There are 2 protein chains.
Amino acid sequence: MSNWESNVRKVVPYTPGEQPKDSGIIKLNTNENPYPPSSRVKTVIESFDNAKMRLYPDTNSTVLVDALAKRYNVKPSQVFVGVGSDDVISMAFMTFFNSDKTVLFPDVTYSFYDVWADVYRIPYAVRPLDNDFRINPDDYICENGGIIFPNPNAPTGVFESLDMIEKIIKANPDSVVIIDEAYIDFGGESCIPLVDKYENLLVVQTFSKSRSMAGMRIGFAVGNEKLIKFMNDVKFSINSYTMNPLSQICGAEAVYDEEYFKETTGIIIETREYSKKRLSELGFSFPDSMSNFIFASHNSIDAGFIFEELKKRKIFVRYWNKPRINNHLRITIGTREEMEKLFSALEEILQMKG
Amino acid sequence: MSNWESNVRKVVPYTPGEQPKDSGIIKLNTNENPYPPSSRVKTVIESFDNAKMRLYPDTNSTVLVDALAKRYNVKPSQVFVGVGSDDVISMAFMTFFNSDKTVLFPDVTYSFYDVWADVYRIPYAVRPLDNDFRINPDDYICENGGIIFPNPNAPTGVFESLDMIEKIIKANPDSVVIIDEAYIDFGGESCIPLVDKYENLLVVQTFSKSRSMAGMRIGFAVGNEKLIKFMNDVKFSINSYTMNPLSQICGAEAVYDEEYFKETTGIIIETREYSKKRLSELGFSFPDSMSNFIFASHNSIDAGFIFEELKKRKIFVRYWNKPRINNHLRITIGTREEMEKLFSALEEILQMKG
């Protein structure tokens with residue numbers, strides 16, 4: 001090994017879900033929205049003045065920040081935007097989880113949290129969910145260097161009440177508590193109204209799920225002005241210009257099309273409830289989901305087997321060969337038609353073992 | 001102060017050049033290209049299938065990486081892409097400047113280097129340029145934790161020969177040496193052909209200057225496969241999806257339009273050479289520039305005064321009130337027409353003090 005290699009920050013990176021390039025695949029593996037973005041997004045892209053691209057974008061992403069501030073009834077100075085919620089959360093880890101104390105999150109949760117902790121050399125500990133995949137708030141009432149969990153949680157889909165979350169926030173005035181609401185728009189209740197009550201609360205959301213814009217890479221955080229200012233200071237110490245003008249205007253247009261947002265999230269919720277019924281009939285059980293996916297385990301057939309068999313049939317779902325969750329499949333809610341194809345395939349696979 | 005604040009990573013962020021929103025401004029302050037991007041960029045944006053935006057982008061940015069690999073005659077595994085060269089360099093600081101040893105860069109240079117060092121808690125030291133703003137290679141032949149400088153240097157525009165740079169790379173097998181070639185396409189000679197000879201060399205370039213795409217946020221690095229793999233590991237530990245599909249395809253199209261690239265960089269070089277002549281006639285002196293800007297100082301009138309007077313006339317150039325450079329203006333090369341307006345304004349301002 002040459003000596004320069006000894007100075008390299010070595011890490012084990014996050015593994016994102018597969019993005020197969022074949023056509024004809026039913027893609028229920030990365031919680032994307034089955035519907036296209038608002039038609040207003042298409043319109044602004046088509047009318048974008050190419051010549052503007054020679055200029056640096058607005059560093060403050062004013063058009064997007066303003067749209068979000070209006071939509072969520074906060075001040076623009078309470079909104080931070082980034083290149084997907086991964087960028088936002090990563091920046092929050094770096095900004096707020098900066099003590100020698102241990103950061104806490106659930107054992108079964110978004111599998112990027114421990115990766116961020118590792119890359120930024122942040123000490124962390126996991127708190128086991130109970131057998132129903134629920135968070136016990138008392139696990140988070142102790143000395144710590146910060147707290148983060150998704151609500152609804154991923155990959156379980158379990159939504160925790162604002163009362164329970166408020167208990168955790170209130171008990172931790174010396175830590176920043178990050179609630180990662182990537183899946184909040186599918187029936188959950190957002191913590192955003194609590195940000196003016198608790199200055200240690202940061203709420204993160206994304207355009208990748210409910211707003212059908214995983215491709216465009218837009219995420220945001222809402223918190224009190226002090227938190228947002230600290231995050232922006234770190235962001236402006238890394239890259240002044242992260243949001244290109246197309247992301248900014250497309251994001252704003254998507255936010256302003258509230259009607260389409262309600263329509264598409266409504267259909268996904270409907271399809272999810274129908275899918276719960278069908279999966280139960282097929283012998284699956286799952287924690288009740290308030291997200292755009294269902295975390296299901298079959299009462300007799302191994303999840304790894306079903307995963308592989310579905311793949312052979314060009315249906316991609318997500319499977320982790322990890323302790324506690326290696327007999328579950330995380331199934332994204334697609335269109336009704338895609339879900340019917342999934343159920344037919346599952347019937348076929350279950351019969352193989354019947 | 002609440003206790004959570006004591007855990008915050010506190011930093012002094014980088015200050016980017018002003019992006020005034022008024023129309024009618026002659027903007028020669030952030031080294032943008034006065035010409036629009038290739039028309040091929042416009043075409044792919046217009047034909048982009050909006051529905052695709054619901055899906056996560058290709059994490060590997062294959063279409064863009066392949067275009068760059070072909071253009072620079074390296075393997076795709078030797079190319080790293082990011083959200084502007086700031087993202088790329090920031091990632092390189094985090095990946096490679098990870099020892100307790102001191103990282104070295106010039107005293108007069110891109111003013112983001114010390115900001116990155118601070119945010120990532122990297123020890124650093126500056127090496128003074130000589131009185132002609134040249135780098136003395138012997139300053140970099142000593143124990144260090146990494147080396148970075150732009151070539152041509154910013155904000156001076158001075159280009160250093162590949163022989164000199166090779167001497168530094170060769171003398172530092174235990175450190176990664178980053179050559180920041182943001183301005184290389186305006187007459188300089190790139191170090192990219194050296195990457196197969198020295199595994200400790202990383203060359204960074206950007207689409208923001210010579211490719212007229214500051215808005216789109218695309219930067220890249222070329223190095224040996226090991227370096228690029230280490231960078232990607234860190235990148236995939238922070239954000240798996242940074243490049244949206246529009247950035248990827250627009251970037252690739254810009255690279256494939258070599259003819260337009262040569263035409264526009266050629267005109268800028270021509271305008272720069274003409275501007276050197278005109279500035280000399282007006283009593284300015286400057287190190288010989290191989291970039292798309294000129295770093296000029298007047299023989300009798302104070303730079304701060306000229307800066308303010310130009311601003312009053314809606315002409316923005318860049319001025320830093322910092323030791324060694326507080327009597328210089330960095331003037332971006334605009335169109336010939338914009339430069340004529342600048343020269344007229346300068347004549348007027350110089351007469352005020354005459």
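This is a predicted model: local features need pLDDT of at least 70, side-chain atom pairs count only at pLDDT 80 or more; totals for chains, interfaces and linings use all residues.
User: OK. At what angle do helix 1 and helix 7 of chain B pack?
Analyst: About 150°, with the axes 8 Å apart. Helix 1 covers residues 39–46 and helix 7 covers residues 245–256. The two helices of chain B are therefore roughly antiparallel.

User: Which residues make that contact?
Analyst: Helix 1 of chain B brings Arg40(B), Val41(B), Val44(B) and Ile45(B). From helix 7 of chain B come Leu246(B), Ile249(B), Cys250(B), Glu253(B), Ala254(B) and Tyr256(B).

User: Is the crossing left-handed or right-handed?
Analyst: The crossing of helix 1 and helix 7 of chain B is right-handed.

User: Now helix 3 and helix 6 of chain B. What angle there?
Analyst: About 100°, and their axes are 9 Å apart. That makes helix 3 of chain B roughly perpendicular to helix 6 of chain B.

User: And what residues touch?
Analyst: On helix 3 of chain B, Met91(B), Ala92(B), Met94(B) and Thr95(B). On helix 6 of chain B, Phe230(B), Met231(B), Val234(B) and Lys235(B).

User: Switching to the dimer side. How many residues of chain B are in contact with chain A?
Analyst: 72 residues of chain B, in contact with 72 residues of chain A.

User: What surface do the copies meet through?
Analyst: The same one, because 100% of the interface residues of chain B are also interface residues in chain A.

User: What rotation superposes chain B on chain A?
Analyst: One of 180°, with 0.0 Å of shift along the axis and an RMSD of 0.0 Å. The two copies are thus related as by a two-fold rotation axis.

User: Which residue of chain B comes closest to that axis?
Analyst: Glu46(B), with its C-alpha at 2.7 Å.

User: Last topic, the core. How many residues in the largest nonpolar one?
Analyst: 234 residues. Those with the most contacts inside the core are Ala92(A), Val203(A), Ala221(A), Ala92(B), Val203(B) and Ala221(B).

User: Take Ala221(A). What is Ala221(A) in contact with, leaving aside neighbours within four places in sequence?
Analyst: Phe80(A), Val88(A), Ala92(A), Leu202(A), Val203(A), Val204(A) and Met231(A). Two of those names, Ala92(A) and Val203(A), are also on the list of core residues with the most contacts.

Definitions and conventions:
Residues are numbered from 1 along each chain as its sequence is written. Chains are lettered from A and ligands numbered from 1 in the order in which they are written. Copies are superposed by least squares on the C-alpha atoms of residues with pLDDT of at least 70 in both. Two residues are in contact if their C-beta atoms, placed from the backbone, lie within 7 Å. A nonpolar core is a set of buried Ala, Val, Leu, Ile, Met, Phe, Trp, Tyr and Cys residues joined through C-beta atoms within 7 Å. A residue is buried if 20 or more other C-beta atoms lie within 10 Å of its own, exposed if 12 or fewer, and partly exposed in between; C-beta atoms are placed from the backbone. Axes are lines fitted to C-alpha atoms, for helices over the stretch in contact, and angles run from 0 to 180 degrees between N-to-C directions. Helices (H or I, at least four residues) and strands (E, at least two) are DSSP runs, numbered from the N terminus. Angles under 35 degrees count as roughly parallel, over 145 as roughly antiparallel, 65 to 115 as roughly perpendicular and the rest as oblique. A crossing is left-handed if the near helix is turned anticlockwise from the far one by less than a right angle, and right-handed if clockwise.
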